[in-house]
Amino acid sequence: MQGVLSGFAVIAVVIAVGYGIGRRGSLGEQGREVLTRLAFHVATPALLFTTLARADLSVVFSSRLLVTAISTAVAAGVFVAVGAARRWGVGRTTIGALCSGYVNAGNLGIPIASYVLGDASLVAPVLLFQQIVVTSVALTVLDLTGAGDKGPLWQRLLTPLRNPIAVGALSGVLVSAAGLRLPGPVREPLTLIGNMSVPAVLLAFGISLRGGAAPGRGRDAHLVRLSVALKSVGQPVAAWALAAGVFGLRGAPLLDVVVTSALPAAQNLFTYASRYGVGESLARESILLSTVLSVPVLVAVAALLG
């Protein structure tokens, strides 16, 4: 379980540093906003581009990716259905759906895949699916609902091509599909910039915890509880049922898909919520609670299927 514990320890330390920065006011009143904008507009697109530019796109056709896609759709779909019935609004429902099925495949998934599953590349299908499909769809919905009447139809339909996250991911896929190798003078500066993404997101998240309500007790408590239940229990159970019952996976492949599905909600979801000014407390509390709960869940999954 060293991989699970070490991955969480790294994240906890950086978030704690962000919390300390927020308590001291070291970055001023706009510190969190600056870090969020840096991650959204610059660092994360660079990270996605360099990561996906060297990815093996053959994973798109794997059964593991199908399990990930369907289990994500199940968890997010349940939240959307409840949100529509309860009239929680498109913005909050979109953020809640992301928190229900969008896993932390990057800064937590990679170390856990390395130490628990023995191969960091096993999270590549999840990264590809989330960044190319889930992120593009969700951010397009947020863009259109936030600015749907501020431009002509043709301009709104091109919204994904104006989003820096989507552009970075799609550009990386195109480079990989073309079989191109980035020259050093291009790759190295982008890698350096991309390396700021995870620390910026975690620090901004830590700053946001200063003065916040206790998780699960704020105005969005019922949304938080639903998203955390779906993320921590619903998605891994759905992944196990699909992998074992439908696709016939056993042994290591079964463990791989269930472990990746049991990862907590990704910290960059808080960046998206902050960027669009919707569901920030929902994202913050869902991420925090699902991260705490994922420790015993991942330990149990590894013990049962490992």
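Two helices count as roughly parallel when the angle between their N-to-C directions is under 35 degrees, and as roughly antiparallel when that angle is over 145. In this predicted model, helix 4 and helix 15 (residues 280-305) pack at an angle of about 10°, with their axes 9 Å apart, and they are therefore roughly parallel to each other. On the side of helix 4 the contact is made by Arg92, Ile95, Gly96 and Cys99, and on the side of helix 15 by Leu282, Ala283 and Ser286. By class, these residues comprise 4 nonpolar, 2 polar and 1 charged.

Helix 4 (residues 90-101) also packs against helix 3 (residues 63-86), here at an angle of about 150° and with the axes 8 Å apart, which makes helix 3 roughly antiparallel to helix 4. The crossing of these two helices is right-handed. From helix 3, the residues Thr72, Ala75, Ala76, Phe79, Val80 and Gly83 take part, and they meet Arg92, Thr93, Gly96, Ala97, Ser100 and Gly101 of helix 4. This contact divides into 5 nonpolar, 6 polar and 1 charged residues.

Helix 2 passes helix 11 in a left-handed crossing. In helix 2 the contact involves Arg32, Leu35, Thr36, Leu38, Ala39, Ala43, Thr44 and Leu47, which meet Ser197, Val198, Ala200, Val201, Leu203, Ala204, Ile207 and Ser208 in helix 11. Its residues divide into 11 nonpolar, 4 polar and 1 charged.

| Helix pair | Angle | Axes |
|---|---|---|
| Helix 3 and helix 4 | about 150° | 8 Å apart |
| Helix 4 and helix 15 | about 10° | 9 Å apart |

Helix 12 is described by its own geometry. At 1.5 Å a residue, the 26 residues of helix 12 (residues 221-246) should span 38 Å, and the end C-alpha atoms lie 35 Å apart, which agrees with that expectation. Helix 12 bends by about 40° at leucine 230, and just after the helix glycine 248 takes a positive phi of about 65°.

Technical notes: Residues are numbered from 1 along each chain as its sequence is written. This is a predicted model: local features need pLDDT of at least 70, side-chain atom pairs count only at pLDDT 80 or more; totals for chains, interfaces and linings use all residues. Side-chain values use heavy atoms; hydrogens and water are left out. Helices (H or I, at least four residues) and strands (E, at least two) are DSSP runs, numbered from the N terminus. The expected span of a helix is 1.5 Å times one less than its number of residues. The bend at a residue is the angle between axes fitted to the seven residues ending there and the seven starting there. Axes are lines fitted to C-alpha atoms, for helices over the stretch in contact, and angles run from 0 to 180 degrees between N-to-C directions. Angles under 35 degrees count as roughly parallel, over 145 as roughly antiparallel, 65 to 115 as roughly perpendicular and the rest as oblique. A crossing is left-handed if the near helix is turned anticlockwise from the far one by less than a right angle, and right-handed if clockwise. Contact means heavy atoms within 4.5 Å. Ala, Val, Leu, Ile, Met, Phe, Trp, Tyr, Cys and Pro count as nonpolar, Asp, Glu, Lys and Arg as charged, and the others, Gly among them, as polar.
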